[in-house]
Amino acid sequence: MSRFSNELIDRLLKARIITSLTGAGVSAESGVPTFRDPGGIWEKFRPEQLANFEAFMSDPDFVWSWYQHRRQIMREVKPNPGHRALAEMEGIFDEFNLITQNIDNLHKRAGSKNVTELHGNIERNYCIKCRKEYNEVDIHEKSVLKCECGGLIRPDVVWFGEMLPLEALRFAENCAMRSNVFFTIGTSAEVYPAAMLPMIARQSGAYVVEINTRPTSISYDVNEVLQGKSGEILDELVDVLKQKKAII
Ligand code: OAD
């Protein structure tokens, strides 16, 4: 028996616009640690030690070397079946928008083209003074780099207390408002404004589906919960959709 409701499959077959919001859980099966699960990143470090501008300014080498370390982990891992299924969905639906909170670049490496990165991308860096981009840095360089203008070079990721890239956020909100089906996948939905998106979608009439190994604070507010690993569920969903689409 399929784990997907008939309603979900029907809605997906009729949908014109589908949006997926992803979080760290989507990359867990690739071996990238999440933030808030047991053993997650925020259990080992305080976010205020690492992921904010003041921390960077008071000890740039420490923050830089931590991001270099994470960059190395993220380059060593590979996209998993969940990333690949989401990339395939672009080909299955007329409009499939992928909004991610992840900075690990794995969606793009899996072949997704239409990716909106709400929290930046660890592969990019920029100068805090002149904003020149530095995207080809030596992974082994443990001390913070300086721009030719003298400014410090920081990773292009959103830190606590910082605004999300406005254009990306606007686009994500717009997708949530227009979608027929909205997936929230592998995110604890604790961090705003990203956590608002499933609710915007629901209020705008979308059928909202959560895919997560555990219940979250929004599980009661969505239309359908699929509990389990996103790699397994998404892979299965793409198979079902391909079969159904072939019949229609
Ligand atoms: P969290 O660590 O808060 O949540 C990860 C979610 O993934 C949890 O709800 C897990 O139950 C779920 N999960 C774990 N493994 C899974 C799997 N194999 N399949 C499906 N679900 C799984 O991570 P995010 O929600 O992404 O922000 O965190 C949001 C933001 O908080 C991050 O982007 C980061 C962090 O602070 C910034 O750095 C700005």
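In which loop is Arg131 found? Arg131 is found in the loop between β4 (120-127) and β5 (153-157). Helices here are DSSP runs of H or I with at least four residues, and strands are DSSP runs of E with at least two, numbered from the N terminus.

This is a predicted model, in which local features need pLDDT of at least 70 and side-chain atom pairs count only at pLDDT 80 or more, while totals for chains, interfaces and linings use all residues. Residues are numbered from 1 along each chain as its sequence is written, and side-chain values use heavy atoms, with hydrogens and water left out.

## Overall form

The protein has 11 helices and 8 strands. Its radius of gyration is 19 Å, which agrees with the value near 18 Å that a compact globule of 248 residues would have. That radius is taken over C-alpha atoms, and the globule rule is 2.2 Å times the number of residues to the power 0.38. Along the principal axes, the C-alpha atoms fill a box of roughly 60 × 30 × 30 Å.

Of the 248 residues, 52% count as buried. Buried means under 20% relative accessible area, exposed means over 50%, and partly exposed lies in between (1.4 Å probe, protein chains only). The accessible surface comes to about 12,100 Å², and 50% of this belongs to carbon and sulfur atoms. These areas come from the Shrake-Rupley method with a 1.4 Å probe; for residues, only the protein chains shown count as cover.

Contact means heavy atoms within 4.5 Å. Among contacts between residues at least 6 apart in sequence, 68% join residues at least 24 apart. The mean positions of the 30 positive and 34 negative charges are 2 Å apart. Lys and Arg count as positive and Asp and Glu as negative, with His and the chain ends not counted; the charge is placed at NZ of Lys, CZ of Arg, CG of Asp or CD of Glu.

## Nonpolar cores

A nonpolar core is a set of buried Ala, Val, Leu, Ile, Met, Phe, Trp, Tyr and Cys residues joined through side-chain atoms within 4.5 Å. In the largest core, which has 28 residues, Leu8, Leu12, Val181 and Phe183 touch the most other members. Two or more residues of this core come from each of α1 (6-14), α7 (81-92), β2 (95-100), β6 (181-185), β7 (207-212) and α11 (230-247). Helix α11 gives the largest share, 6 residues.

Leu12 is in contact with Ile18, Phe93, Val181, Phe183, Leu237 and Leu241, leaving aside its neighbours within four places in sequence. A second, separate core has 25 residues, including Ile41, Ala51, Cys147 and Val157. In soluble globular proteins, nonpolar side chains tend to be buried together.

## Selected residues and pairs

Val209 is found in strand β7 and counts as buried at 0% relative accessibility. Not counting residues up to four places away in sequence, Val209 touches Leu8, Val181, Phe182, Phe183, Thr184, Glu224 and Leu226.

Thr34 is in the loop between α2 (25-28) and α3 (41-44) and is buried at 9% relative accessibility. With the same exclusion of residues up to four places away, Thr34 touches Ala24, Gly25, Ala28, Gly40 and Ile41.

His107 lies in helix α8 (residues 106-109) and is buried, with a relative accessible area of 2%. Beyond four places in sequence, the residues that His107 touches include Thr22, Val26, His83, Leu86 and Leu98. His69, in helix α6 (residues 60-76), counts as partly exposed at 43% relative accessibility.

| Pair | Separation in sequence | C-alpha to C-alpha distance |
|---|---|---|
| Val209 and Val225 | 16 residues | 5.8 Å |
| His69 and Lys142 | 73 residues | 8.7 Å |
| Thr34 and Thr187 | 153 residues | 9.1 Å |
| His107 and Val26 | 81 residues | 9.5 Å |

## Backbone features

Arg131 has a phi near 65°, a positive value in a residue other than glycine. Arg131 is exposed, with a relative accessible area of 57%. Ala189, also not a glycine, has a positive phi of about 55°. Ala189 is placed in the loop between β6 and α10 and is buried, with a relative accessible area of 5%.

Pro193 is found in the loop between β6 and α10 (196-203). A cis peptide bond joins Tyr192 and Pro193, with omega about 5°.
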